[in-house]
Amino acid sequence: LVSNTGCSLGGFGDYTSEVIDLERSVTYDLKLQSDFDDQHGTVWIDFNDNFIFENSEKVLSNVLFGTSVATFNLSIANNATIGEHLMRFRTNWNADIDNACIDVSYGETEDYTANIIAFTGVDEVYNDVQWSVEIVSDKLLAIDVENLNEIVKLSITNSIGQEILIDEFNASEKYNFDSSNLATGYYLVRVFNENISKVKKVWLR
């Protein structure tokens with residue numbers, strides 16, 4: 001894995017549109033480099049999809065890197081939960097970074113989407129499945145799944161890990177959700193069944 005990004009506005013970069021396939025039981029090279037020395041970096045994958053990055057979900061913890069390229073091992077467990085999950089990478093200058101959310105004076109936070117697969121080729125039947133979460137208005141979501149005719153579950157979780165909706169629908173039909181009772185903020189939207197799991201992070205005003 002290679003991360004090629006710059007400093008983000010406000011120290012946060014949303015790259016969740018980038019889906020990274022990661023196989024169970026495989027160790028990957030993660031290459032890190034910064035314009036500054038004494039950078040500490042930690043990576044979490046939200047395997048249980050509760051929008052909380054817990055200590056048990058760290059896949060890389062407090063590695064030290066700087067102006068030269070450093071390579072680290074990022075290992076995926078053989079029982080890692082199949083499907084898409086949020087992956088968060090954080091840096092902190094001259095100090096450890098153990099918390100996925102707490103503010104730091106000098107650092108970067110970047111979110112990606114990690115897609116855990118059993119082994120190359122096992123999910124080919126679902127490779128054509130695409131989906132979108134369209135914000136029709138400030139408080140109306142339209143969930144549209146393409147190339148799938150199966151019953152799927154829909155879960156929406158707020159930023160403190162509370163599941164505020166669990167429902168199911170046929171993926172061949174668009175699902176509309178009125179979110180007028182939800183507070184402004186980020187929400188994790190997940191569509192899944194026993195064969196597939198997809199997640200997106202959505203901002204609602």
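Reader: Is Tyr 112 buried or exposed?

Author: Tyr 112 counts as buried, with a relative accessibility of 9%. Buried here means under 20% relative accessible area, exposed means over 50%, and partly exposed is in between, with a 1.4 Å probe and protein chains only. Keep in mind that this is a predicted model, where local features need pLDDT of at least 70, side-chain atom pairs count only at pLDDT 80 or more, and totals for chains, interfaces and linings use all residues. Residues are numbered from 1 along each chain as its sequence is written, and side-chain values use heavy atoms, with hydrogens and water left out.

Reader: OK, predicted. What is the mean pLDDT of the chain?

Author: The mean is 91, and 93% of the residues reach 70 or more; pLDDT is the predictor's confidence in each residue, from 0 to 100. Confidence is lowest in strand S8 (residues 130-137), at a mean of 89, and highest in strand S3 (residues 39-45), at 97.

Reader: Back to the rings. Which residue forms an aromatic pair with Tyr 112?

Author: Tyr 15 does, and the pair is stacked, at 5.3 Å centre to centre with 15° between the planes. Rings of Phe, Tyr and Trp (its six-membered ring) pair if their centres lie within 6.5 Å; planes under 30 degrees apart count as stacked, over 60 as edge-to-face and the rest as tilted. Tyr 15 lies in strand S1 (residues 12-23) and Tyr 112 in strand S7 (residues 109-117), so the pair ties together parts that are 97 residues apart in sequence.

Reader: How many aromatic pairs does the structure hold?

Author: Five. There is also one aromatic cluster formed by Phe 12, Tyr 186 and Trp 203.

Reader: Which residue lies over the face of Tyr 186?

Author: Lys 201, at 4.9 Å from the ring centre. Arg 190 lies over the face of Phe 192, at 3.8 Å from the ring centre. A charge sits over a ring if NZ of Lys or CZ of Arg is within 6 Å of the ring centre and within 35 degrees of the ring normal.

Reader: And what is the bridge partner of Arg 190 in S14?

Author: Val 199. Strand S13 (residues 185-192) pairs with S14 in the antiparallel sense over eight bridges; two strands pair if DSSP finds at least two bridges between them.

Reader: What order do the strands have in that open sheet?

Author: The order is S11-S10-S13-S14, four strands with antiparallel pairing. Strand S11 (163-170) and strand S14 (197-204) stand at the edges with a single partner strand each, so one side of each is left without a neighbour in the sheet.

Reader: Zooming out, how many helices and strands are in the chain?

Author: Zero helices and 14 strands. Helices (H or I, at least four residues) and strands (E, at least two) are DSSP runs, numbered from the N terminus. Buried residues make up 46% of the 205 residues.

Reader: Last topic, backbone. What is phi of Phe 51?

Author: Phi of Phe 51 is near 65°, a positive value in a residue other than glycine. Most residues other than glycine have a negative phi. Phe 51 lies in the loop between S3 and strand S4 (58-65) and counts as buried, at 7% relative accessibility.

Reader: Where does Asn 94 lie?

Author: Asn 94 lies in the loop between strand S6 (83-93) and S7. Phi of Asn 94 is near 65°, again a positive value, and at 48% relative accessibility Asn 94 counts as partly exposed.
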